[in-house]
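This report looks at charged side chains that pair with one another and at a metal site. Please keep the sequence and the structure in view while reading.

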Amino acid sequence: MENITRLQRQTLERLLERDKSASVRWNDDRGAASVLSGKLMPPGSVRNDLKENPEAILKAFLEEFGSLIGPKNSSASIRFVKVNKVKGDQVRIRAMQVAKRIPIHGASLVLYASAKRGVFRAQSGCYRNVKVPPLEYRGKPVDIEQRERKLRRRLMRTLSGDKRGARFIKRKMKAGFGEDPIAEKNFPLNAPPVHWLYPKKGEFRHVFRLNAYQPIEWLGVNGELSASIHMVDMVVDLVTGRQLHQGGPIGVWSDVTADGLSTLQESGSYITRPLLAVREDMAERLLVNRTNSTDIFTHHAGGSDSGLETKLQNGTDLSTDTDGHWNDTTTSCTASDREDSQQPETDAHFFAQEAYQYYDALGWEGYDNGEWGAAACDVRVAAHIGIDDNAYFWRWVDGSGRHFGYLAFYDGECSGGSIAMDFMVGDPGIFAHEYQHAVTYFGSVDSAGDPGYLEIDGWHRAIHEGLSDSAAGLRAETWTAPGLWPNGACRNNLPFRRIEYPRSTDTKSGSGYVDHYDDRVSAWSPYTNSTILSHALFLAGQGGVHERTSRAAELIPVPGAGNADIFAIMHDAVTDRFDSIPANSTGVQTMIEAANLILDAAEDAAGGVRSCEYVMLRRAFYAVGLYPFDSSYVKQNYGGEACMLPWTISWRHSRPYLGFPAHWWRSPDLFINNGSGVEYDADVGVENDLFARVRNIGDADLTNVVVRFYFRAHGTALPPSSTAWKPCQDSSSTDCVLTIPTLAAGSMNFTNPASPPASQAVKWYLPASEVVAGVDHFCIRAEIECAGAANHDNDCPYRTQSNVSYTPLSLAHGLEIRFMVANWLDELIPLELEIDDRSMPKGVELHFAGPGSLKGRRLKPGEEVPLRWKVEAPTKAAAWFRPPYDGAVVGQITGKILKGAWFDAELSGVETLKKRAPRRGVVLIEGFLAGHIRRKNRKLQGRFKGELNTRDGTLTGTWNTVWYRRGKPYYRKLKIKAMLRPTRAIHFAQRIKGELVGGVTYTLRWPDKERRG
Ligand SMILES: [Zn+2]
């Protein structure tokens, strides 16, 4: 306390006499107290003036302590500004210091007072001495008004001289100034500048303080410089015109949790998604997630993507909400209503965080992994760019060559007044697709080290799109783009593409895509070619069956090696290896090389070529014709490989297109046929004819293919190793072994399961002793060995299993079901049982019949327990023709084309449109029908629409088919008359630690009353 006057010291002593605990904080620079606290003025002296006359309190305070907080003549130079009520009766009185009637920047005085405590605190920024400099320039007096005009012209020049500024002026002039004539008159200022005294280096200067639109660079919350046009506050030296200070947008954000409603639904109501947001000073919430090392920003583009990049660069137009619940929804088709919905922002923000974490776990942060600059570029997502069923990834590049990516999503599309495609960003697959574009863009680098090596056209684009569709499927298990409502945005329309079966014309455009290299089209149709790659990754990850009717091996089954593992391999290839993909100009080589590099990544991941990931990727690339090629890209031989269709569950996404029934836990290639057709139930105490249909899916003959058979009690979790199963044996206790001496390239040991050659049967004797309490059904397994075949030299088992029980549809006394659940781990686990009885009609009830209760049930290590269930169902046949109507169709073609031909097919995804003639029990249905014409065994598929008689199952209508010859599609509209036998099955499946390990299927057998050819 050096700079203090005698008067000030005396005043201070007087205060301390009154209140010994009073305190003071002095400021030597200003020669005044900055804080005084204590009993400054007693309650009685302020009580009456608190509400009505706060100026009187200020006046009384200044009379007593004015000299302590500022100038000697404080009553004249400190002016009342305003009063704020703080809480209860407490108020805050604000005042400012002026000199020669000019306000002084920073010289404010705040008094705190209440009825109970009187004035208890004073805070001051005032000066004891203020020397006002003369208002002159080089000896001449300054004309303030002239200086004002000059300043305005200069600011206008700066604004219009900036590219962005010039555009801004145009827009602003068009938009107008609303009810603000002052702003209009003073543009680019919002009002005339104000004359102030500005403390600078121990003296005071005459300045203008003002607000004006100017091009500025400002530091964002992300720590990076941004450039934009903003209204900024400025301090300009009034005399010299020099700018002393310019402010930019600034926010103090605090992280808050929030939530919002999704585009998608669960059980008929919108899913609530947790969100991470920020809040600036207690104002509204913004969708900014700062929990990762790169921030995620979700923007509201306002219904258009024009000027979007500027908004993203400036960090403006973030999605906001006042209470932190983004819960405005809409099903309206009006553009403005859709723009008001907060569902897209909710989904965008949520999916971005989910994606971020997913890639982060693979060691990749955000879009670019921070590889092109000091920091990773922000993850920016824009919702509401207009009405369309589209979305995109794009980037901008700044002057120093840095690339900044963003994703943008349209609000969906309507047709006939209802939503055809919902908010695009609400589709998990579409979001994953666009996010992968960003990673692919930044992950593949050109020879100069810049991102974006995989170009945005030609075969490079096909790879780009193929990777994005693969990422969507592998991450979201959505293999149609977009997904079908309520799991995807496809509400009332067909998807654009079906990665699970690219050739399907059951798409929005009615055209199919390519699923084999030999069918490739011009490089300028990159989407059409992209599915060669994405379908291969679908097969290797999800698991599926590749169908090619012109190939000797019509079906190539690929059991999935796991979506997550295949994704990780793909990611490694993209971000670490794709830099050496041949240049776009080399054409199709690029996709062959992409397949090679993905195989390299799989080899490195497992330290060799023996893993299931490698083997399934190799088989998938072979199936789609991308493998093997030599170094001159000349096709090579793959070799022979023997396998069977695994149980249907593992290729469930292929099933509807191939025309097989939804009997999840059975394989069409492993069954019993004792002379009366295909069965999945063994007779006890006799020899059963057990068949394995083995396929050589390769292009070279195989010799000495050996199949061994095993069985075990019917159960959902059976031991992985066949050594824990019993070998099937004949009546003389000899193991059942099928030996196929020669299996030609592309052939099967037999083709028709209904009449298999006796030579291919093994005789399985099931002794009555195996049937014990709780076990009266069995699962069968077949394992293929093919010593000496190169493709078989790996660690991935060639194994197929059928866990199906057939029961006649006679339910008068209820049906009892028994199967085992088990735990093969060495720790206690909860029983996770899934029941799928969706194919049952209304009225069917399934009851658990013990033992014990299922609630909270645990399984000890090694424990196997038989569970009992009871199915109760209506006995009237008519009740069994209630929906759902997915099922087997057998019938004849009645129109001109193929007239009279018999076919067998499978109807899936059936929708009941409306009752045609309810009294006669006729309903109009639509669905996807796939199957074969018996004559020529020709494959047909397409949409069926027609009438179902629910009294007898007669189906009549139109089948819009497509078939292929040498890769070319042929379209035919066929008329059919057929019988529908809806699938009635109950599936039980067990998960262990979330992983699906197995299941059993109970199929209810329909009475044999069908049309036969
Ligand atoms: Zn794309």
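Does D422 count as buried or exposed, and what is its relative accessibility? The model is a predicted one, and in it D422 counts as buried because its relative accessibility is 1%, the cut-off for buried being under 20% relative accessible area. The partner of D422 in a salt bridge is R338, with the closest N and O atoms 3.0 Å apart. This pair links distant parts of the chain, since R338 belongs to helix 10 (residues 335-340) while D422 lies in the loop between strand 24 (418-421) and helix 12 (428-443), 84 residues apart. R338 is buried as well, with a relative accessible area of 0%.

**Salt bridges**

Side chains of opposite charge can pair when their charged atoms come close.

| Pair | N to O distance |
|---|---|
| D237 and R205 | 3.8 Å |
| R338 and D422 | 3.0 Å |
| E477 and R652 | 3.3 Å |

The salt bridge between D237 and R205 also links distant parts of the chain, as D237 is in strand 11 (residues 225-237) and R205 is in strand 10 (residues 203-219), 32 residues apart. Both D237 and R205 are buried.

In the salt bridge of E477 with R652, the two residues are 175 residues apart, E477 being in the loop between helix 13 (458-476) and strand 25 (480-481) and R652 in the loop between strand 29 (642-643) and helix 18 (655-658). E477 is partly exposed, with a relative accessible area of 36%, and R652 is partly exposed too, with a relative accessible area of 27%.

Beyond these pairs, a network of salt bridges links R498, D506, E926 and R943.

**The zinc site**

Which residues coordinate the zinc ion? The zinc ion is coordinated by H433 and H437, each through NE2, and by E465 through OE, at 2.0 to 2.1 Å. Along the sequence, these donor residues follow the spacing H-x3-H-x27-E. H433 and H437 are separated by about one helical turn because they are four residues apart in helix 12, and both H433 and H437 are buried.

Definitions and conventions
Residues numbered from 1 in each chain as written. Predicted model: local features only at pLDDT ≥ 70, side-chain atom pairs only at ≥ 80, totals over all residues. Heavy atoms only, no water. Salt bridge = Lys/Arg side-chain N within 4 Å of Asp/Glu carboxyl O. Buried < 20%, exposed > 50% of the residue type's maximum accessible area, 1.4 Å probe, protein only. Donors = N, O, S within 2.8 Å, 3.2 Å for Na, K, Ca; no water.
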